[in-house]
Amino acid sequence: MSKCLGIFALAGCLFLAACEQKVNAPAHSDESKRYALKGKVVKVEQANKRVEVDHEKIEGFMDAMTMEFAVKDDANLAKLQVGDQITAMLIYNPKDNRSWLEELKILKGL
């Protein structure tokens, strides 16, 4: 009987450890995809940490278009102006269908 209790206790500990690991998972999960983005800034929303970009085709992901993106913790967001040419890394998580920009770099202004 005590062997059964030990096995159940071990199984419970392993289950709790697995749950804790999932809760504390990093922002980039294994499902996240990374794509290089290049385009021109059309609109900047500093307060909402969003930027609208007229971007070139993103190889393996989407055609050229103008769309809005969230910007995740980037100091260059404060320097952005309409007309700036930028590059960034587009992070897309297909699991929850969320995307954002990181590593935002301003290449040149108007």
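Guide: Gln-85 stands opposite Lys-108 in β5. This is a predicted model, in which local features need pLDDT of at least 70 and side-chain atom pairs count only at pLDDT 80 or more, while totals for chains, interfaces and linings use all residues. Residues are numbered from 1 along each chain as its sequence is written, and side-chain values use heavy atoms, with hydrogens and water left out.

The part to follow is strand β4, which covers residues 85-93 and is joined to β5 by 8 bridges, the two running antiparallel. Strands here are DSSP runs of E with at least two residues, helices are runs of H or I with at least four, and both are numbered from the N terminus. Two strands count as paired if DSSP finds at least two bridges between them.

Several partners can be named along this pairing. Thr-87 has Lys-105 of β5 as its bridge partner, and Met-89 stands opposite Glu-102 in β5. The hairpin of β4 and β5 has 4 residues between the strands, and in it Asn-97 takes a positive phi near 55 degrees. Strand β4 also pairs with β1, again in the antiparallel sense and over 8 bridges. There, Lys-33 has Tyr-92 of β4 as its bridge partner.

These pairings belong to an open sheet of 5 strands, ordered β3-β2-β1-β4-β5, with antiparallel pairing. At its edges are β3 (65-70) and β5 (98-108), each of which pairs on one side only. From one strand to the next, the twist averages 40 degrees; the axes are lines fitted to C-alpha atoms (for helices over the stretch in contact), and angles run from 0 to 180 degrees between N-to-C directions. The chain as a whole has 1 helix and 5 strands, and its elements run α-β-β-β-β-β from the N terminus on.

How enclosed is β4? Of its 9 residues, 7 are buried, so β4 is largely enclosed by the rest of the structure. Buried means under 20% relative accessible area and exposed over 50%, with partly exposed in between, using a 1.4 Å probe and protein chains only. Of the 110 residues of the chain, 26% count as buried.

The structure holds 2 aromatic pairs. One is formed by Tyr-35 and Phe-61, which are stacked at 4.4 Å centre to centre, with 20 degrees between the planes. Tyr-35 lies in strand β1 (residues 33-45) and Phe-61 in the loop between β2 (50-55) and β3, so this pair ties together parts that are 26 residues apart in sequence. Tyr-35 is buried at a relative accessible area of 16%, whereas Phe-61 is partly exposed at 28%. Phe-61 also pairs with Tyr-92: the ring centres are 5.1 Å apart and the planes stand at 50 degrees, so this pair is tilted. Since Phe-61 is in the loop between β2 and β3 and Tyr-92 is in β4, the pair ties together parts that are 31 residues apart in sequence. Tyr-92 is itself buried, with a relative accessible area of 17%.

Val-53 has its place in strand β2 and counts as buried, at 0% relative accessibility. Leaving aside its neighbours within four places in sequence, the contacts of Val-53 (heavy atoms within 4.5 Å) include Leu-37, Val-42, Met-67, Phe-69 and Ile-86. Gly-39 is 14 residues from Val-53 in sequence and 6.0 Å from it in space, C-alpha to C-alpha. In the chain, 52% of the contacts between residues at least 6 apart in sequence join residues at least 24 apart.

One feature involving a ring remains. The charged end of Lys-72 sits over the ring of Trp-100, 4.4 Å from its centre; this requires NZ of Lys or CZ of Arg within 6 Å of the ring centre and within 35 degrees of the ring normal.

Definitions and conventions:
Rings of Phe, Tyr and Trp (its six-membered ring) pair if their centres lie within 6.5 Å; planes under 30 degrees apart count as stacked, over 60 as edge-to-face and the rest as tilted.
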